[in-house]
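Open the model in a viewer and keep the selection panel at hand. The stops below go from the ligand to the helices and then to the loops.

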Amino acid sequence: SSFHGSVLRVGPLKPSLEERLEGTYGAQRLPDDREARKAFLARNADAVTAVVTSGRTGVDAGLMAELPNLGAIVHFGVGYDTTDVARAAELGIGVSNTPDVLTDCVADTAVGLLLDTMRGLAAADRFVRAGRWPVEGNVPLTRKVSGTDVGILGLGRIGSAIAHRLTAFGCRITYHNRRPVDGSPYRYAASPAELATQVDVLIVAAAGGADTRHLVDRDVLEALGADGFLINVARGSVVDEDALVDLLRRGRLAGAGLDVFAHEPEVPEALLSMDNVVLLPHLASGTVETRAAMEELTLANLDTFLQTGDLSTPVVAPNHALRKDI
Ligand code: 8YV
């Protein structure tokens with residue numbers, strides 16, 4: 001079947017989104033296989049004006065160079081660290097994501113991870129299922145959540161929604177961003193390490209990418225301390241995962257709740273046997289409601305681009321003048 005549209009799918013997407021992209025836009029998927037991809041691009045590269053992808057795959061500078069008429073990279077998801085956004089901006093290629101619609105569900109998941117990690121809920125569920133309750137009696141005591149000092153790394157849309165929820169738990173909120181947020185009711189810490197020193201729980205809600213890689217390094221985790229908990233609903237790349245595993249192993253951290261990992265879907269083997277660690281398969285935005293809203297916003301961006309040349313929720317606005325010069 002020959003490519004008859006201008007929309008290219010890069011990487012796997014939500015099945016209903018893939019169907020609509022195929023049905024309405026004739027969008028084909030870029031082959032994963034090297035040779036098949038080469039052949040596909042030789043035939044179709046010039047026709048591609050828009051790519052739809054997700055944070056799982058993205059578009060690197062190499063693929064941008066192979067698509068001379070690409071005008072927009074439309075992401076399903078709020079995170080776009082797998083796309084070379086700086087290069088896209090240089091080339092005049094617009095980039096969009098799906099902000100806001102997933103904020104509630106990601107914040108809900110962060111709170112769920114915090115409750116589960118500190119109270120040992122999933123571990124206690126395993127205990128009951130294993131038939132250990134009648135034999136061993138009570139599970140070990142856990143740690144109180146309400147009233148804890150919580151640090152938020154990245155007080156953006158999602159970080160703010162987490163802070164808002166935890167305020168209702170009587171938690172004191174401190175945060176770190178590159179710059180203090182104007183008018184924020186929360187206390188500012190000048191660095192991630194300073195933040196970690198001041199709190200019982202550190203919640204990572206920062207964007208991924210080169211700028212935030214290993215922002216939570218060994219020093220920050222050591223500052224969090226043996227009574228401290230780490231929660232990550234952002235990107236695995238923000239945390240030095242080897243240091244995290246090492247400190248958990250040696251009892252230098254109280255526990256961790258992780259929805260994201262450095263090399264998904266791989267999870268460090270050592271974590272699998274730790275009962276003070278809660279492991280989720282990157283599900284934070286994964287509700288019927290939110291994924292449907294993400295699908296609609298993805299298609300709204302695509303439609304807007306195809307009809308007007310702009311994007312409805314741009315990270316980088318398309319620059320058509322710049323694109324033509326190249
Ligand atoms: C999932 C996410 O990755 O929005 C994001 O950045 O990480 C999640 O929503 C979603 O499946 C998009 O790939």
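What follows is a list of selections, with what is found at each.

This is a predicted model, in which local features need pLDDT of at least 70 and side-chain atom pairs count only at pLDDT 80 or more, while totals for chains, interfaces and linings use all residues. Residues are numbered from 1 along each chain as its sequence is written, and side-chain values use heavy atoms, with hydrogens and water left out.

**Ligand**

The shell consists of S54, G55, F76, G77, V78, G79, L102, R235, H282, S285, R291 and M294. By class, four of these residues are nonpolar, six polar and two charged; Ala, Val, Leu, Ile, Met, Phe, Trp, Tyr, Cys and Pro count as nonpolar, Asp, Glu, Lys and Arg as charged, and the others, Gly among them, as polar.

A polar backbone atom of V78 is 2.7 Å from a ligand oxygen. For G79, a backbone N or O atom lies 2.8 Å from an oxygen atom of the ligand. R235 uses a side-chain N or O atom, 2.8 Å from a ligand oxygen. The protein buries 88% of the 320 Å² that the ligand exposes when taken alone (Shrake-Rupley method, 1.4 Å probe).

**Helix pairs**

Helices here are DSSP runs (H or I, at least four residues) and strands are E runs of at least two, numbered from the N terminus. Axes are lines fitted to C-alpha atoms over the stretch in contact, with angles from 0 to 180 degrees between N-to-C directions.

Select 103-119 (α5) and 157-167 (α8): their axes come within 9 Å and cross at roughly 50 degrees. The two helices are therefore oblique to each other.

Move to 15-25 (α1) and 288-308 (α12), whose axes come within 10 Å and cross at roughly 25 degrees. That makes α1 roughly parallel to α12 (angles under 35 degrees count as roughly parallel, over 145 as roughly antiparallel, 65 to 115 as roughly perpendicular and the rest as oblique).

**Loops**

Select E264 and P265, which are joined by a cis peptide bond with omega about 5 degrees. P265 sits in the loop between β11 (255-258) and β12 (277-279).

Finish at H214, in the loop between β9 (201-204) and α10 (218-224). Its phi is positive, near 55 degrees.

Conventions. A residue is near a molecule or strand if one of its heavy atoms lies within 4 Å of it. A polar contact is a pair of N or O atoms within 3.5 Å; within protein, one must be able to donate a hydrogen and the other to accept it, and residues adjacent in sequence count only if both atoms are side-chain atoms.
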